[in-house]
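Here are a few exercises to work through with the chain open in your viewer. Try each task before you read its solution.

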Amino acid sequence: MEPETSQFESSETLAAYLASTPLLEESWRLCGHANAAAQQSFAVNRVGTAAAAYVAFSGVQVVDCSEESCRSLVELESGAAKGVFSVFSGRAEGDQEPFMVHGGLLRLFLNFYYTQNFQHKMLEIMNECKSVIFTGHSLGGALASLSALWLLSVIQSTSLSIEVLCITYGSPMLGNKSFSQAILQERWCGNFCHVVGPHDLVPRLLFAPPSPFVEHFHALFHFWQSSMASSSPNSIQLDSLLSDEVKAEIFGKILACVEDRFRRGENQERGSFWPFGSYMFCTENGAICLDNRMAVVKMLYLMLGKGTPNACVEDHLKYENYVGRICWQYLQRKSSTNVCFSESSNEAGIALALHSSGISFQEPVLYGVAKDCIVMARQLGCRRNLNTAKMAVSLSKVTPLRAQIEWYKAFCDNSDDQLGYYDSFKRRTASRKGSKVYMNLARLGKFWDEVIHMLETNQLTHDFHKLVKYVNASQFYKLLVEPLEIAEYYRTEMHKRKGHYIEDGREKRFRVFDKWWRDRKIGDEEGNPRSKFAGLTQDSCFWARVEEARDCVYCVMSEVDQGRELVLVDKIEKFEAYARGLIERKEVSVDVLAKNSSYSLFREEWEEVKARLQLLPPRFPVAMVREKF
C-alpha cells in the first residue's frame, strides 16, 4: 500500500506535529497580542523569510444579536455572503439541510471581509507567502475558521498555491451537520485544529438554546473580553456580574445539553451545531487529539462533567498555561505518568491518551466511557487504512472490465463504417457486444461511486484522493468511459428532457475526478508536445461540446432574431477554435477525425450554414448585441 502523507491521520501524529513545532506557541502569542492591541480587528505577522504568515483575529469582538437571524443558523451562501464561499454554492445532497453557520459570526466575518484592509492584507499574503496560519481566541477563532474556509475555496477555484492551516483556541461551534460534512468531503478536516480547554464553556455553548440565558451570556462575554483586553485580568471580578447560583444554573444547563447530544449520537434534530476538523483537548497532563465528530462530542461532555461552575468560566482564559505546557508534557509524559501499562502497545497508547485527558482509571464509569470513545476513534483510523488496502484489490478486480472497453474502442476506431468510438456506441443496434459494454459501464460506475461514498463518509485515508494510483486510474476511467456515457445520454434523447449533458446530465463522479486530476502534482514530462494523436481524447466532455455545437447550428438555421443568431454564431465559433486547438496539439483520439463522426458532421453542417450566412448583411459585433439584449 502506498504510504499515507496526511499529518492529521491520527491523534498521536497531530499531537506530535504541533508539540514539536512553534505553531502553537507562535499562534497563541499572536492571539494574545491581537486580544490586547488589535481589539475588534486582526494582526498579521510574517516569519522566516516571509514564507509563512500568521493572521490572528482578536477575541474581543462585538456580535450583533439584536435580530433573530444573528442568534441562529443561516444559510452560508446567502445575502451578503453569496459567492464568498464558492465550494458551498450548491445545495446539500438529498434531504440534508442547506450548509448553515451561526448568523452573528457570519455577519462579523463579512464585516472584516469587505474592508479594504482585509482584502489588501490577504492579497499580499496570497502573492508573497507559501503558507498562512489563521488563528484566533474565542470569537476570533470562529473568524479564523471562516477566513480559512474562504481562502480554501479560492484555492480550489484558481491556480493559487498556498498551504492553509487554522488553529483556534476556545472557539465556539460554527455550523450545522451539512456544513461539517461538506468540509469532510472536501478533505479539509486536516486544515483545522481546535484547541479546547477541558472545562471551557465556549466550545460547548451553542449546544444549548440561548433564549433562557441571553443576558447571562452577555455578562460572561463581557467578563472574558474585558479580561483578554486588560493587562491585569484578575482586577475584573465575575462575582459582581453573575452570582454563584446563576453560574451553577448555566453550567448545569450546558452540561445537560452536551450530554443529550452525546446520548443521541448522529440522530440529532435539524438546526443543531456540529464540530468539524481536529480537536486538541488540553489539560494539565498533556493533550489528546480527535478528528471523529462523535468522539469529539463525547469528549466535550466527559471533560466538562469533571469541571465546576467556576472552572468552566475561568478555563476560557487559561490557554496561555495550556499552550506553555503542551510541548513539555508531551515529551515527558511517558516518564512522569503513574499509569500502569499492559504489554499491548495499543492498550498503552489508549491509557496514555486517557492520562492526557485528565480522566483517571480510579473513576471506573467515566474512564470506561472515555476509553470507548478513544477506542472508537482509533478503530476508525485503522479501518481507514484497511479499507484503502482493500480498495487496491477491488480496483484490480474491475480492471478487466476497463480492458474490455479498451478493446471495444480499438474495434470501433478500425471499423469500416468510419464512425469511431463515440458514434459507434451512440448509433449501436441490439448486439451482444454493445450489451456487454453497457453492463461494464454500469459495473465500473458502481465501483467508483462506492469509492467516492467511502471517501465522503470518512472510511478511507485522508489523502486517498492524492494517491497516484487512484488519481491516474480515475482519470483513465473518465477519459475512456465518459464519452460512452455522453453517447448514451444523447442516444436516449435525455438532453430534450433534462438539458444538455455538461450542465444537466453529468454524473458527480466525473466532477470529483476533475478535481483530483486538477490538484495532482504535475510532472515535467506532461508539458512536452505530442508527436501523435492521443489514445483517448484529453477532454472527456468533448463529445458533449460537439452535441451542443451541432444543436446551435440547427438553431442558427431556423433563427429569425438576428441578435440571438449572433450569440449562437459566437458560441459555435468559440467551440470551433477550441476543437481546432485540441487537434493541433494532438490532444484528441483518432475517432474524432473519423469520416462519419459527429465532429466531422458538425464541420460539414457548419460550413454549409456559414455559406448561407454570407448572403446576409454585415453583422454587429456580438458584444454590442449582448449589451442591447
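**Getting the overall picture**

In the protein chain, 76% of the contacts with a separation of 6 or more are between residues 24 or more positions apart; contact means heavy atoms within 4.5 Å. This is a predicted model, in which local features need pLDDT of at least 70 and side-chain atom pairs count only at pLDDT 80 or more, while totals for chains, interfaces and linings use all residues. Residues are numbered from 1 along each chain as its sequence is written, and side-chain values use heavy atoms, with hydrogens and water left out.

**Exercise 1.** Find how many helices and strands the protein chain has, and what percentage of its residues are buried.

*Solution.* Start with the elements: there are 23 helices and nine strands. These are DSSP runs, numbered from the N terminus (helices H or I, at least four residues; strands E, at least two). Next, burial: 53% of the 629 residues are buried. Buried means under 20% relative accessible area, exposed over 50%, and partly exposed in between (1.4 Å probe, protein chains only). Last, the surface: the chain exposes about 29,500 Å², and carbon and sulfur atoms supply 52% of that.

**Exercise 2.** Describe how helix α8 packs against helix α9.

*Solution.* Two packed helices are described by the angle between their axes and the distance between the axes. Here, α8 (residues 244-264) and α9 (residues 293-305) pack at about 150°, with axes 9 Å apart. Axes are lines fitted to C-alpha atoms, for helices over the stretch in contact, and angles run from 0 to 180 degrees between N-to-C directions. Now look at who touches whom: the α8 side includes Phe251, Ile254 and Leu255, and the α9 side includes Met294, Val297 and Tyr301. Sorted by class, the contact has ten nonpolar, one polar and four charged residues. For that sorting, Ala, Val, Leu, Ile, Met, Phe, Trp, Tyr, Cys and Pro count as nonpolar, Asp, Glu, Lys and Arg as charged, and the others, Gly among them, as polar.

**Exercise 3.** Is valine 62 buried or exposed?

*Solution.* First find its place, the loop between β2 (52-57) and β3 (73-75). Valine 62 counts as exposed because its relative accessible area is 56%. Beyond its neighbours within four places in sequence, valine 62 is in contact with Gln40 and Leu108. Its C-alpha atom is 9.5 Å from that of phenylalanine 221, 159 residues apart along the chain.

**Exercise 4.** Check phi and accessibility for glutamate 493 and lysine 586.

*Solution.* Glutamate 493, in the loop between α16 (468-491) and α17 (494-498), has phi near 60°, a positive value in a residue other than glycine. Glutamate 493 is partly exposed, at 38% relative accessibility. Lysine 586 sits in the loop between α21 (562-584) and α22 (598-613), and its phi is near 60° too. Lysine 586 is partly exposed, at 25%.

Technical notes. Areas by Shrake-Rupley, 256 points an atom, 1.4 Å probe, with all protein chains shown as cover.
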